[in-house]
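Here's a quick walk through one model, written for someone who likes distances and angles. Have the viewer open while you read.

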Amino acid sequence: MTHIGAYRIVRPLARGAFCDAFEATRTMPGLPDCTVTLKTLRHVDRESIARFHRAAHVNAYLNHAHIPAVFEFGESDGTLYMARMFIDGDDVLNGVRNRTRTFNGVVSLCAQIASALDDAHAHGIIHGLVHPRHILVDKGGKAWLIGFGEYPIWGPLSGNPIHWAPEQLEGGATKLPATDVYLLAETALWLLAGRHPFAPERGVDSIAVKQKSEFAQPISVLVPGITSRAVDAFTRALDPNPARRHVSVCDFVEDLADATTERRAWWRQLWQ
């Protein structure tokens with residue numbers, strides 16, 4: 001496949017559970033070539049088509065500095081596609097593999113993503129699938145959140161259950177901002193630790209692990225040198241009970257940012 005509609009495929013970018021993503025170019029007479037990320041639906045069944053349509057409409061509705069804009073949604077020779085802004089960068093999962101992120105760097109990244117999430121929540125939209133694969137960082141260091149609208153509003157979730165919040169594991173689809181609080185906190189801790197904070201041994205029940213907040217290791221061991229205030233922020237955001245978490249995603253990030261003050265004070269005291 002070299003073309004989809006007016007788009008010429010340049011290279012594959014990612015392969016998801018239901019969709020494929022490509023870097024593609026659209027040529028329009030009299031205008032410079034436009035590079036986009038072209039997302040196509042691979043599974044053609046009623047549920048997948050409905051989810052793809054919903055994702056396209058949700059993304060077209062959102063307008064935020066950290067959410068890539070959608071340019072076009074259509075069908076070509078039976079292939080459903082969605083064209084959005086191309087982000088020249090990588091997802092933060094590869095960032096985990098390639099380097100260790102500083103505490104301040106993770107707070108800065110999460111602040112950008114939290115801004116996008118809280119704006120979506122204000123419009124009644126829950127992401128529900130926040131994890132490192134859905135956070136991109138461009139070459140300028142700006143963070144972008146993708147994957148809106150992929151979270152089902154009915155029926156079972158799909159994918160790896162270790163990436164879901166406890167309430168998602170218990171009852172499938174939910175519509176709680178607190179779910180995104182949990183998922184962003186889990187991602188932040190993952191970035192700091194360089195490993196998934198709840199990753200159980202093979203064969204261990206993911207539901208039981210998350211319902212009991214059984215971290216793979218204590219947070220202070222996962223992230224050496226982390227302050228007690230930061231541990232408290234993560235513990236609250238990752239509470240199995242959504243009602244006990246932060247009231248918003250930005251509230252969680254502000255809690256983490258406050259912990260950097262304690263961190264600086266700790267270093268000053270150490271060197272006095």
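**Around Phe 73**

Phe 73 sits in strand β5. Leaving out residues up to four places away in sequence, it touches Phe 52, His 53, Ala 56, Leu 80, Tyr 81 and Met 82.

**Aromatic pairs**

The structure has five aromatic pairs. One of them joins Tyr 7 and Tyr 81: the ring centres are 5.8 Å apart and the planes meet at 65°, so this one is edge-to-face. It reaches across the chain, with Tyr 7 in strand β2 (residues 7-15) and Tyr 81 in strand β6 (residues 79-85), 74 residues apart. Tyr 7 is buried at 3% relative accessibility, and Tyr 81 is buried too, at 6%.

Phe 52 and Phe 73 make another pair, with centres 5.8 Å apart and planes at 40°, so it goes down as tilted. Since Phe 52 belongs to helix α1 (residues 46-61) and Phe 73 to strand β5 (residues 70-76), the pair ties together parts 21 residues apart in sequence. Phe 52 is buried, at 4% relative accessible area. Elsewhere, Tyr 182, Phe 198 and Phe 215 form one aromatic cluster.

**Salt bridges**

Searching the whole structure turns up ten salt bridges. Here are three of them:

| Pair | N to O distance |
|---|---|
| Glu 47 and Arg 51 | 3.1 Å |
| Lys 139 and Asp 88 | 3.5 Å |
| Asp 239 and Arg 244 | 3.0 Å |

Glu 47 and Arg 51 are both in helix α1, four residues apart, or about one turn of the helix. Glu 47 is partly exposed at 39%, while Arg 51 is buried at 14%.

Lys 139 is in the loop between β8 and β9 and Asp 88 in the loop between β6 and β7, so their bridge ties together parts 51 residues apart in sequence. Lys 139 is exposed, with a relative accessible area of 71%, and Asp 88 is partly exposed at 37%. As for Asp 239, it counts as buried at 15% relative accessibility. There's also a salt-bridge network linking Arg 15, Asp 20 and Arg 42.

**A three-stranded sheet**

Strands β7, β8 and β9 form an open sheet in the order β7-β8-β9, with antiparallel pairing. β7 (89-91) and β9 (143-145) are the edge strands, each with a single partner, so one side of each has no neighbour in the sheet. On average, neighbouring strands here are turned by 30° against each other, ignoring direction. Three bridges join β8 (residues 135-138) to β9, and Ile 135 has Leu 145 in β9 as its bridge partner. Helix α3 (residues 103-122) packs on the sheet, where it touches β8 and β9, and its direction makes about 35° with that of β9.

The chain averages a pLDDT of 85, and 86% of the residues score at least 70. Confidence is highest in β9, at 96, and lowest in helix α6 (residues 206-211), at a mean of 69. Over residues 263-272 the pLDDT is below 50, and this stretch has five contacts in the model beyond near neighbours in sequence. Where pLDDT is low, the predicted coordinates should not be read in detail.

Note on methods:
Residues numbered from 1 in each chain as written. Predicted model: local features only at pLDDT ≥ 70, side-chain atom pairs only at ≥ 80, totals over all residues. Heavy atoms only, no water. Pairing = 2+ DSSP bridges. Helix = DSSP H or I, 4+ residues; strand = E, 2+ residues; numbered from the N terminus. Axes fitted to C-alpha atoms, helices over the stretch in contact; angles between N-to-C directions. Contact = heavy atoms within 4.5 Å. pLDDT = per-residue confidence, 0-100. Phe/Tyr/Trp six-rings, centres within 6.5 Å; stacked < 30°, edge-to-face > 60°. Buried < 20%, exposed > 50% of the residue type's maximum accessible area, 1.4 Å probe, protein only. Salt bridge = Lys/Arg side-chain N within 4 Å of Asp/Glu carboxyl O.
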